[in-house]
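Open the structure in your viewer and keep the selection tool at hand. This tour goes stop by stop.

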Amino acid sequence: MLKKLIKLLQAFNGNVNPAEIAHAFACGAILGLMPKNNLLWYLVMVFILFIRINKPAYLVMILIGSAVSPAFDGLFDRIGYAFLTIPSLAPVFGTLLDIPFVAFTKFNNTVVMGSFLCGLALYIPLYFAGRALVAVWRKHAADFIRNSKIAKVINKLPLLSKIVSMAGE
């Protein structure tokens, strides 16, 4: 995990396209919010792995999303129930359940559907928030942290200075 964080810091400080990091934040949030015990989660994960994104940022956002998603399960349940009970979509959902292996996606679970829909709805705002975060980091925060007294003390500690030097490579 430490290597992933170091690679994330390298991406923030390096010449990585900010769009790759922003897409990683948004895609990681989709998966982080969803329950992990269904085929839909794995299908979305494999699909996203074929997109050109920053993988460390993707993994960090999955972890952050997984940490905060239990607090929103009630909201996901209500949104999923509202979507799954739309009368005009009932024949579509019935047909999907008759297809082999589609039921393993658990799309008919209100929490799974609600978290997936919320993740999709948050994609664009998280993308722009990720781009803004990278811009602020590169313009202001990186130099401020690098020149702070705490950073200078950390650089004097042998183990931590090695980690910092790995992040700067």
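How many helices and strands are there in the protein? There are nine helices and zero strands. Helices (H or I, at least four residues) and strands (E, at least two) are DSSP runs, numbered from the N terminus. Along the sequence the pattern reads α-α-α-α-α-α-α-α-α.

Before going on, note that this is a predicted model: local features need pLDDT of at least 70, side-chain atom pairs count only at pLDDT 80 or more, and totals for chains, interfaces and linings use all residues. Residues are numbered from 1 along each chain as its sequence is written, and side-chain values use heavy atoms, with hydrogens and water left out.

**The whole chain**

Show the surface. The accessible surface of the protein comes to about 10300 Å², and 73% of that belongs to carbon and sulfur atoms. Such areas come from the Shrake-Rupley method with a 1.4 Å probe; for residues, only the protein chains shown count as cover. Of the 169 residues, 33% count as buried. Buried means under 20% relative accessible area, exposed over 50%, and partly exposed in between (1.4 Å probe, protein chains only). Now think of contacts, meaning heavy atoms within 4.5 Å. Among those between residues at least 6 apart in sequence, 77% join residues at least 24 apart.

**The core**

Select Leu31, Met34, Leu40, Val44, Ile48, Tyr58 and Phe116. Of the 20 residues in the largest nonpolar core, these touch the most other members. At least two core residues come from each of α2 (18-33), α3 (39-49), α4 and α7 (110-146). The largest share, seven residues, comes from α2. A nonpolar core is a set of buried Ala, Val, Leu, Ile, Met, Phe, Trp, Tyr and Cys residues joined through side-chain atoms within 4.5 Å. In soluble globular proteins, nonpolar side chains tend to be buried together.

Stay on tyrosine 58. Leaving aside neighbours within four places in sequence, tyrosine 58 is in contact with Ala24, Cys27, Gly28, Leu31, Met45, Ile48, Leu49 and Ile53.

**Glycine 65**

Next, select glycine 65, in helix α4 (residues 55-68). Is glycine 65 buried or exposed? Glycine 65 counts as buried because its relative accessibility is 5%. Not counting residues up to four places away in sequence, glycine 65 touches Gly32 and Leu33.

**Glutamate 20**

Move to glutamate 20, in helix α2. With 17% relative accessibility, glutamate 20 counts as buried. Beyond neighbours within four places in sequence, its contacts are Arg52, Ile53 and Asn54.

**Aromatic pairs**

The structure holds six aromatic pairs. Select phenylalanine 93 and phenylalanine 107: they form a tilted pair, 5.9 Å centre to centre, with 40° between the planes. Phenylalanine 93 sits in helix α6 (residues 90-98), and phenylalanine 107 in the loop between α6 and α7, 14 residues apart. Rings of Phe, Tyr and Trp (its six-membered ring) pair if their centres lie within 6.5 Å; planes under 30 degrees apart count as stacked, over 60 as edge-to-face and the rest as tilted. Phenylalanine 93 is buried at 13% relative accessibility, and phenylalanine 107 is buried at 6%.

**Last stop: leucine 43**

Finish with leucine 43, in helix α3. Leucine 43 is partly exposed, with a relative accessible area of 46%.
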